[in-house]
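Here is a friendly walk through one protein model, written for someone who would like to find their way around it. Have the viewer open as you read.

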Amino acid sequence: METAKLEHYLAYKPQPFTRAERDRVTILFGGLHWRVERLIQGAMGNLGYRSQVLPTATREDLLTGRELADIGQCCPTSFTTGNLANVLRRETQQRGAKEVASNYVYVTAGACGACRFGQYHQSYELALRNAGLDSFRMFLLAQNGLEQGAAEGGGLELNLPFTLGAIWAVIVGDLIQDVEYQIRPYEVNPGDTERVAKESIEYLHGIFDRSPVSGMAKWSAPLWYVGTRRFVDALREVRRRFDQIEVDRLRVKPVVKITGEFYLQTVEGEPNYNIHRWLESEGAEVYPAAITIWLDYLMRLAGQDYADHIGIDRHARLKAGAIKAGQGLLRWTYNRMRKALADLPHEMPDQREIRTLAAPYYHSRLNGGEGDMLIGKALWAYHHKKAHMTCELSPYSCMPNTMSVGAMAAVTGKYPDMLYAPLEIKGDAEVHALSRCQMILTEAKRRAQREFEDTLKVNGITLERARELLESFPEMKRATYRVPRLGAAGTAANLVHHLAARARS
Ligand code: SF4
């Protein structure tokens with residue numbers, strides 16, 4: 001009788017990607033929003049890498065991901081796995097598997113942790129094997145290191161110039177996204193915002209692509225990034241472009257804050273049923289989820305870990321201090337660039353406050369997915385009147401999000417007037433998710449209208465008078481005019497407060 005052969009598990013290890021291959025091999029990446037992806041491409045081009053952004057995943061990719069990898073995996077894993085597999089399949093049909101394996105590599109974020117995120121590369125590996133592309137090379141970018149050295153073969157150097165370029169691209173891309181979402185619902189000429197956003201990202205792509213970082217020693221890059229005015233000046237130019245757009249901010253719209261699992265809250269497309277655009281088409285102003293906040297959160301998690309080891313690890317205090325300084329630098333950089341855009345983009349929430357708000361409901365050391373941030377962000381938006389409603393995008397089969405949705409039951413029990421729409425996203429149940437969102441959105445619209453009417457009453461003016469006042473302050477019709485937050489969640493209500501105050505002064 002034949003006995004079973006014992007085979008040990010071997011973790012995925014790609015074939016080397018050598019330095020000599022860098023000029024002809026294209027690096028594939030994706031899974032973020034298009035603005036950040038395009039800017040990262042610019043930063044990579046500056047360092048001599050050829051790159052290609054994967055298209056936003058589609059329903060077809062979801063089905064491919066389920067077919068080729070584990071069918072029970074969370075839907076972001078299925079979407080991204082299927083997306084990579086389909087792109088490679090199409091390329092294979094044109095060029096053959098050998099050429100695809102030789103001319104492309106894939107780079108993605110990797111992690112270990114409580115959830116599926118730590119297993120993404122295994123799903124990719126399984127899917128590629130099932131698709132007949134076993135020799136295709138994938139490289140993981142760890143989330144917790146600025147200087148990770150060269151990947152196997154030296155073709156990809158995950159060093160400071162690379163990582164800082166990506167972080168700066170994230171910050172700039174997030175700021176443009178934020179401005180865009182604050183302007184589009186109020187634009188007088190439909191299409192203006194879209195056009196300017198696209199032109200601005202192309203312009204900024206050039207700013208990253210032609211930056212002087214490529215010629216620098218790697219340890220000079222951090223000093224250059226922190227000190228340079230290159231991006232601030234470029235954003236001033238972008239502000240000038242957005243400034244040409246005329247807006248009518250007396251349109252009453254509920255503000256909907258997007259939160260949820262990282263991938264689903266970030267992408268704009270079929271993976272989240274195009275929720276951003278759908279909300280806008282339903283009359284809302286969307287408050288998008290910035291990736292920069294996720295970076296701040298990752299630093300907070302690392303800082304917490306070091307703080308827990310004070311007295312055990314003799315360098316822990318120093319490391320915790322370094323993380324705090326890193327967080328301060330991130331915030332300073334974000335605010336500096338935000339200022340170049342007239343302070344129009346939303347501010348970054350303070351991670352200490354997020355943690356404190358979430359603490360009664362969710363332990364800050366539970367670190368899968370967005371951890372306690374989902375609870376903290378919803379409460380932050382509620383207490384500070386940042387939005388009328390929070391829409392949380394929870395992937396089907398996501399362990400951390402299932403926990404946070406459970407914890408949110410206690411939050412909404414304590415604050416019954418909080419408008420919170422947790423949407424389970426399966427990828428193929430659009431009507432169900434959007435109809436659920438619409439139920440809460442209807443109430444958010446009512447609240448925004450009531451808030452607006454109350455504001456008119458408090459200030460003793462009518463809508464017609466508010467319109468007259470707006471005509472007498474034409475600068476307020478410019479897209480980058482910042483309406484101060486004067487106690488209301490809605491843009492139109494804050495504008496009424498502001499107009500009345502200006503008329504009185
Ligand atoms: S956070 Fe949820 S959806 Fe995202 S990788 Fe982890 S388990 Fe999957």
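## Before you start

Please keep in mind that this is a predicted model, in which local features need pLDDT of at least 70 and side-chain atom pairs count only at pLDDT 80 or more, while totals for chains, interfaces and linings use all residues. Residue numbers start from 1 along each chain as its sequence is written.

## Two domains

The domain assignment of the protein chain gives domain 1 (19-158) and domain 2 (252-290 + 346-505); such bounds come from an automatic or database assignment. Taken over C-alpha atoms, the centres of domain 1 and domain 2 are separated by 33 Å.

Where they meet, 17 residues of domain 1 are in contact with 22 residues of domain 2 (contact is C-beta atoms, placed from the backbone, within 7 Å). Helix 2 and helix 3 each supply at least two residues of the side of domain 1 that touches domain 2, and the largest share, 3 residues, comes from helix 3. Helices here are DSSP runs of H or I with at least four residues, strands are runs of E with at least two, and both are numbered from the N terminus.

## The nonpolar core

The largest nonpolar core has 136 residues, and those with the most contacts inside it are Leu39, Ala169, Val172, Val256, Ile375 and Ala378. A nonpolar core is a set of buried Ala, Val, Leu, Ile, Met, Phe, Trp, Tyr and Cys residues joined through C-beta atoms within 7 Å. Buried means 20 or more other C-beta atoms within 10 Å of a residue's own, exposed means 12 or fewer, and partly exposed lies in between, with C-beta atoms placed from the backbone.

Helix 6 (residues 160-183) gives this core its largest share, 14 residues. At least three residues come from each of domain 1 and domain 2. Leaving aside neighbours within four places in sequence, Ala378 is in contact with Thr259, Thr390, Met408, Val411 and Tyr420.

Look next for an open sheet of 4 strands, in the order 2-1-3-4, with parallel pairing; two strands pair if DSSP finds at least two bridges between them. Strand 2 (50-53) and strand 4 stand at the edges with a single partner strand each, so one side of each has no neighbour in the sheet.

Strand 1 (residues 26-29) and strand 2 are joined by 4 bridges. The bridge partner of Thr26 in strand 2 is Arg50.

## Helix 5

Which residues of helix 5 (residues 120-130) are buried? They are Tyr120, Ser123, Tyr124, Glu125, Ala127 and Leu128. The buried residues of helix 5 pack against helix 2 (59-68), helix 3 (75-95), strand 3 (104-110) and strand 4 (137-142). Helix 5 is followed by Gly132, which has a positive phi near 80°.

## Residues to look up

Most residues other than glycine have a negative phi. Ala342 has a positive phi, near 65°, and lies in the loop between helix 13 (316-340) and helix 14 (351-358). Ala342 counts as partly exposed because it has 18 C-beta neighbours inside 10 Å. Lys385 has a positive phi of about 50°, and its place is in the loop between helix 15 (373-383) and strand 9 (389-395). Lys385 is partly exposed too, with 16 C-beta neighbours inside 10 Å.

Finally, Glu471 is found in helix 18 (residues 463-472). Glu471 is exposed because 9 other C-beta atoms lie within 10 Å.

Notes:
Two residues are in contact if their C-beta atoms, placed from the backbone, lie within 7 Å.
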